[in-house]
Amino acid sequence: MKNSDFKTINVTERAEAQEKNANPFLETVKGFGFTFKRFLDHVTGAEDHLISYPEEKRPYSNRFRGTHILTVREDGSIKCVACYMCATACPADCISIDAAEHPDKSIEKYAKRFDIDMLRCVFCGFCVDACPEEAIIMSREHEICEYTRDTTIYGIDRLMNRPQAVDMGPGYRPNYPMIESKLPFTPAHPDPDKAGKPVNTTPKKK
Amino acid sequence: MPKVTINGIEIEAEKGMTIIQAADAAGLNELKIPRFCYHPDLPIDGNCRMCLVEVEKMPKLVIACNTPVTDGMVVHTQNDRVKEAVRGVLEFLLINHPVDCPICDQAGECWLQDYYMKHGLYQSRIELGEKIHKRKAVDLGPMVVLDSERCVHCSRCVRFTELVTKTGEMAFFNRGGHVEIGTIENRPVLNPYAGNIADVCPVGALTSRDFRFQSRVWFLKFTDSICNGCSTGCNVRIDHKTGTIYRMVPRRNVDVNKSWMCDEGRLSFHTLETVNRLLAPFAKGPDGQLIETEFNHAVDQMDREIGETVSKKGVGSVIGFGSAGATNESLYLMKRYLTEKHGVNQFEFRLEDEDKKVEEREDDLLRRTDKRSNTQGAIALGFADAALGGINGAAKAASRGDLTAAVMIYHPKLIHDLSGEAKQSLKQFIDSLQFSAILTPVRESWMDGASVLIPIGSWSEEEGTYTNFNRAVQRGGRAFAPKEQAREAREIFAELLGLQRPGYFVTQAEEVFTEMAEKVPAFTGLTYKGLASNNAKVPPPEGRYW
């Protein structure tokens, strides 16, 4: 991937320029202007800005940091080599790994157990940044509701098999098109970046 | 005494030292010279060229590990010329390195990683595809795994097997970029010190099979201790995490174990994982069966019953039975408790005639036949009662009815099982007694007849000193707290004696040792803090009884 594939936005300059030209009073008026516009839209029925969650969902960014996905190799086996970089980087100490000897000597080491305690996780994405193998990425799934605490600890099987993530597509990951890894499932949309098209993309006209 | 100036710091060196030895002896961090092949306990080889330094009036850079110091020598280890040379050497060493740190067990304590961050930081000129690939994950027997690609060819392992164990398994094969270490026909390294070649390896080429993939080293906590495997008392470092020991590695002590330890000792901590740990106190119920009780009840019962026996049948019917695996502090406090509080004067510790074989060697290097760490300490503290002569004598006295009560500390042997004979005598001894209290970290079948079982911390769970075969007193650290309800033996006796000072949770081993040094002639003049030095020795007991 070339650097030119990315659009560079200098946030600092923009923020500085905005701060310089800002008038506190005027900004407040502008803000309320937007509120009143939305209010009038509703009252007049010109445009509906509400969605019926959870049947409808807003679009999530492809940098969204939801629950994790463990990627796989070509043959479908786990990509993780159990280097513990994610566990080392994790500020919440929510990742626990057991390593084992891989039958293939060129791989040598793989994760026999890989648990993430989703209740402890703070979804900072450090594990994704730390991973040297692109073995852990994040999804756009964020609704972690369970009946017991035990089931909020996701094991390998669950991290590699994500029915929710199939619909919504992958989230935060270091290289937007995956270079070497594969997703352990096929996202609904063939392009993983465009997968998970939200139900409601444009405001509905009534 | 030649005076050498290194980086502007004048240090005194001994005659015959090399530059690297003089710099190390100065003990200054800023004088640390990078090295791979130099090891203080192995002969100098000078092949890695990592320790290049500039000596004034010498035309070329010289290797610090093999250049003897002379008076007035001026050495530079940090100037630009040296820095560039060292970076070049490192780049050469890393030419064929696979950079597989994520799966390498050495990562975190790898000298290549450290030196790259300190002296390297260059852009690699070698593409990954251009590197020469060698054998990976080669099985070299039960102790080590070889990865040829990661090797820097320092020959430490070759020199270790040639000159320390004198078995000569390891050797170099091939030439040039294809050179690699290995054993002839890939035979396993089967000498009893094979684990050391993983320790001497500065990089990830030789790694421990036992520790392989168990944990990353930066998660581990380190506690300096003494190996409990035999009477040699090798200085070790216990690497542990959340109450589990992951590995043991030797610490350097020139007088005891140099930089080595035996494989039996290295793996001895696994014994503690397999034994049946006693985690709660037990006392004999009305039906004669041992049932779980409260800690204070068990200790009080022991105190009360011993007192009653002494008042009814006299002090001759009570015995204090120590263990050669316990610390000096525990043994001392046990003896003090029984003598001061109850007037008991019979003490014994021998299960398998440890005192007779304490100095006996098993091989030329380190191992000894006495698989107990503190036999000399128990002897010095007066636990060897000549009249009784070990557990056999005690068992006979008990079955005759001369002995009716006993307080016993028992520590399991970490290497080899207790002999069947000793176990039988123990069973006979315990079964014949009317009252017996055993302080033990494990539950074994011969203990079923005991009246009270009190759980204590095993080795690595109690702080204290051990006296080795040579009567060197050495400090063993506490890696983590005793499991569940168990407490340190020292603590239990200190509480019975009323030594617990207000505001302190436990009586520290240091306090006990200081008292012991004042009262026990054998320990006179020793200080707890001073035990780290190599000269802390107990003098031989007056009039040896064997």
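**Exercise 1.** Work out the handedness of the crossing of α9(B) and α14(B).

*Solution.* The crossing is left-handed, meaning that the near helix is turned anticlockwise from the far one by less than a right angle. Next, take the axes, which are lines fitted to C-alpha atoms over the stretch in contact, with angles from 0 to 180 degrees between N-to-C directions. Those of α9 (residues 328–342) and α14 (residues 489–496), both of chain B, come within 8 Å and cross at roughly 25°. The helices are therefore roughly parallel, a label for angles under 35 degrees. Helices here are DSSP runs (H or I, at least four residues), numbered from the N terminus.

A word on the source: this is a predicted model, where local features need pLDDT of at least 70 and side-chain atom pairs count only at pLDDT 80 or more, while totals for chains, interfaces and linings use all residues. Residues are numbered from 1 along each chain as its sequence is written, and chains are lettered from A and ligands numbered from 1 in the order in which they are written.

**Exercise 2.** Find the partners of B:Cys51, leaving aside its neighbours within four places in sequence.

*Solution.* Start with the contact rule: C-beta atoms, placed from the backbone, lie within 7 Å. Applying it to B:Cys51 gives B:Ile20, B:Ile33, B:Pro34, B:Arg35, B:Tyr38, B:Ile63, B:Ala64 and B:Cys65.

Conventions
Helix = DSSP H or I, 4+ residues; strand = E, 2+ residues; numbered from the N terminus. Parallel < 35°, antiparallel > 145°, perpendicular 65-115°, else oblique. Contact = placed C-beta atoms within 7 Å.
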